[in-house]
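Please look through the sequence and the model shown here.

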Amino acid sequence: MPELPEVEHVRRGLEPKVIGEVITGVTFSDKVHSGKEAGKETIIKGIALQSFREQIIGSAIRAIDRRSKYLIFTLENEFGEQLIISHLGMSGAYFVVDTLDDIGIPNYINHWHVELELQSGKKLIYSDIRRFGEMRLVRRLEEAAQIMAIAPEPFEAGAEDYFTAQLGLKKWQQKKIKEAVMNHSVISGCGNIYACEGLHAAGINPHRLVQDMTPDEERQLFKALVASLEEGIRFGGSSISSYRNVEGKSGQMQTRFKIYGRQTCGTCGREVEKAVIAGRNTHYCTHCQK
Ligand SMILES: [Zn+2]
C-alpha cells in the first residue's frame, strides 16, 4: 500500500502536468460501470457516475494537495470549488498521457478505470489493479469524515505533541506500539513499512505496550518515524506493493531499508524477527529493539 512518501511523489508528479488544465470529458471502465450497477462503490464513491461526470466537466484543476495518504484535487467552475479526494488503495496509480498505450506498463493499461480528458488533449488516467482505491467528490474538506479523523501532517509544528497526547489516550494503553503508530489518528501517513523502519531506528520493539513507553521514548519514536518518512520522500518512495509514480517508475527507498523486507538487520547483521501485528507483517531485531 502506498504510504505518505509514495503519495507525495504522485502529487509532485501530477502538479506540473495538470494544474490549470480543464476537464473536458470523463470515461469509466466497464468494471466501474458494472460495479456501480451491482451496488458496489467501485472507485467512484457516494455518487452516481453520471452525476460525477456532469459535476466535474468544465472544471479547471486549481491545486493538488496531499493529506496523509490522500490526494486532494481542487476543481473550480462557475458554481465554485469542489474537491476530489482520492486514495490509491493497494495499487492505484495516476498517469498523464496522450493515449492509454503511452502508460507503457501492461498491467496499468489493462486496469485503467477513470479517464479524465483535458483541454490540452492529454488524458489524466487512474489505473488500479486491485480496485481498492477511491475518488470522492465533495464541496468542502469537512464533508470528508475520513480526512477529518487524521492526525496533523507529521512535518507540521505541533504534530509531536499531538502524537504523545494521542498515545496517552486510554484506548491505546493496552495496545502494541506498532498498532498505534499505524493508525492515522495517532500519526498521519505512516503505514506498515515506515512504522517498521521508524521503530527500528528508535530502538523500540514493536510488541511493546503503549503504557510501557516512557515520554522520552515516545518523542524519540516520533522523530524516528518522521525521519523515515522524510527519507522515503527523498528517495522517491519505495517499490514495494506495486507503487508507481506518474512517470510509471517506482522509488529507491527499498534499498535504504534497515529492517523492512530484510533477512538480516541493517544495523547489527543479526537475523530479522518476523511477527504479525494488527494484521500486518512486522519485521524487527530483538538485539537493536528493546
Ligand atoms: Zn539489529
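The unreviewed UniProt entry lists residues 258-290 as "domain: FPG-type"; UniProt positions follow the numbering used here, feature names are shortened, and annotations may be inferred rather than shown by experiment. This is a predicted model, in which local features need pLDDT of at least 70 and side-chain atom pairs count only at pLDDT 80 or more, while totals for chains, interfaces and linings use all residues. Residues are numbered from 1 along each chain as its sequence is written, and side-chain values use heavy atoms, leaving out hydrogens and water.

Over residues 258-290 the chain is 0% helix and 30% strand, with its end C-alpha atoms 16 Å apart. Helices (H or I, at least four residues) and strands (E, at least two) are DSSP runs, numbered from the N terminus. Strand 10 (residues 273-277) and strand 11 (residues 280-284) run antiparallel and are joined by five bridges; two strands pair if DSSP finds at least two bridges between them. Val276 has Asn281 in strand 11 as its bridge partner. Two residues lie between the strands of this hairpin, and Ala278 takes a positive phi near 50°.

Now to the helices. The axes of helix 6 (residues 159-167) and helix 9 (residues 215-234) come within 10 Å and cross at roughly 125°. Helix 6 is therefore oblique to helix 9. Axes are lines fitted to C-alpha atoms, for helices over the stretch in contact, and angles run from 0 to 180 degrees between N-to-C directions; under 35 degrees counts as roughly parallel, over 145 as roughly antiparallel, 65 to 115 as roughly perpendicular and the rest as oblique.
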